[in-house]
Amino acid sequence: MFRRLSSVHEAERQAVAAALHDRVGQAVSAIKMSAHLGLDEADPVQRRDDLLEIIRIADDTVAQLRELYAQLRPPQLDALGLEAALRGELDRAALPPGLEVRLDLAALPRRADPEVEAACFRIAQQCVRAASGIDSGMLSLSLHASGNDTLSLESRLEAESGIDGRVSSRLSNRLDPALMQARAQCLGGWLRLERGGGSYAVLAQLPFSVESVPAAADDGDGGKAARV
């Protein structure tokens, strides 16, 4: 699992490095070139156009940096909490137009520990990204508290054409269940997948406070380990 987690982190680093080089790096080079052109431009009208072009490229570059920042660590997660971060993730997600989204975020009694919020967000993020591979259907995402010490997350995906073996396999590859399970288990929670009735669901429970539960938590079916 450590090797898998390291592989995922390295892939994320490579994606960010490529975006910085291909998009941000080229934009900065374009700003520098436009600035040099403006220095040598005698026509005031053309010089103004060059400066406006620099401003436009700079604005695009700032937007790209903000997008990268949101991918690495959504600003809402620290400032506003898990519910706001989940709403922001759905707003940013490039989901197919034929996929209906239902969001049910109950008011939580308090904020969970930062590492719990981060783990819950990453699990939900994987579910949202997996849903991008379904052309039409419905994605439902719910978050609520079970008492004062447990956070419950459910993501359910229903494809209009049904969840057959091929679709189920594709979703499992996109979801990376082992990684999601590891996120929940290392904090004393559990996670399991449910298939059937034309739907594919991810169910997870995490403690609000990492110190409030033992390392092995009951998965709701009498088991101590997360199961698929």
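Let's start with a charged pair: E100 forms a salt bridge with R102, and their closest N and O atoms are 3.1 Å apart. By salt bridge I mean a side-chain nitrogen of Lys or Arg within 4 Å of a carboxyl oxygen of Asp or Glu. Side chains of opposite charge can pair when their charged atoms come close. E100 is partly exposed, with 40% relative accessible area. R102 is partly exposed too, at 46%. The cut-offs: buried is under 20% relative accessible area, exposed is over 50%, partly exposed is in between, with a 1.4 Å probe and protein chains only.

Ground rules next. This is a predicted model, where local features need pLDDT of at least 70, side-chain atom pairs count only at pLDDT 80 or more, and totals for chains, interfaces and linings use all residues. Residues are numbered from 1 along each chain as its sequence is written, and side-chain values use heavy atoms, with hydrogens and water left out.

How confident is the predictor? pLDDT is its confidence in each residue, from 0 to 100. The protein chain averages 81, and 82% of the residues score at least 70. By element, helix α6, residues 165-175, has the lowest mean pLDDT, 67. Strand β5, residues 199-207, has the highest, 91. Over residues 212-217 the pLDDT is below 50, yet the model gives this stretch 13 contacts beyond near neighbours in sequence. A contact means heavy atoms within 4.5 Å. Residues 222-228 also stay under 50, with 20 contacts beyond four places in sequence.

Now the layout. The protein chain has 7 helices and 5 strands. These are DSSP runs, numbered from the N terminus: helices are H or I with at least four residues, strands are E with at least two. Along the sequence the pattern reads α-α-α-α-β-α-β-β-α-α-β-β. There are 228 residues, and 41% of them count as buried. Take contacts between residues at least 6 apart in sequence: 69% of these join residues at least 24 apart.

On to the sheet. In what order do the 5 strands sit? The order is β1-β2-β3-β5-β4, in an open sheet with mixed pairing. Two strands pair if DSSP finds at least two bridges between them. β1 (98-105) and β4 (190-196) stand at the edges; each has a single partner strand, so one side of each is left without a neighbour in the sheet. From one strand to the next, the twist averages 10°. Strands β2 (residues 136-146) and β3 (residues 150-159) run antiparallel, joined by 10 bridges. In one of these, S146 has T150 in β3 as its bridge partner.

Two helices go with that sheet. Helix α5, residues 114-131, lies across β1, β2, β3, β4 and β5, and runs at about 5° to β3. Helix α7, residues 177-185, packs on the sheet and touches β4 and β5. Its direction makes about 140° with that of β4. For these angles, axes are lines fitted to C-alpha atoms, for helices over the stretch in contact, and values run from 0 to 180 degrees between N-to-C directions.

Back to charges. The salt bridge count comes to 7. E117 pairs with R111, with closest N and O atoms 2.6 Å apart. E117 is buried, at 5% relative accessible area. E154 and R156 meet in a salt bridge at 3.0 Å, N to O. E154 is partly exposed, at 27% relative accessibility. There is also a network of salt bridges linking E53, R56 and D60.

Cysteines, quickly. How many disulfides does the structure hold? The count is 0, where a disulfide is a pair of cysteine sulfur atoms within 2.5 Å. For C127, the nearest cysteine sulfur is that of C120, 9.6 Å away. Is C127 buried or exposed? C127 is buried, at 5% relative accessibility. C186, by contrast, counts as exposed, at 60%.

Last stop, I31. This residue lies in helix α1, residues 2-39. I31 is partly exposed, with 22% relative accessible area. Which residues does I31 contact, leaving aside neighbours within four places in sequence? They are I54, I57, A58 and T61. I31 and L51 are 20 residues apart along the chain, and their C-alpha atoms are separated by 9.4 Å.

Terms used:
pLDDT = per-residue confidence, 0-100.
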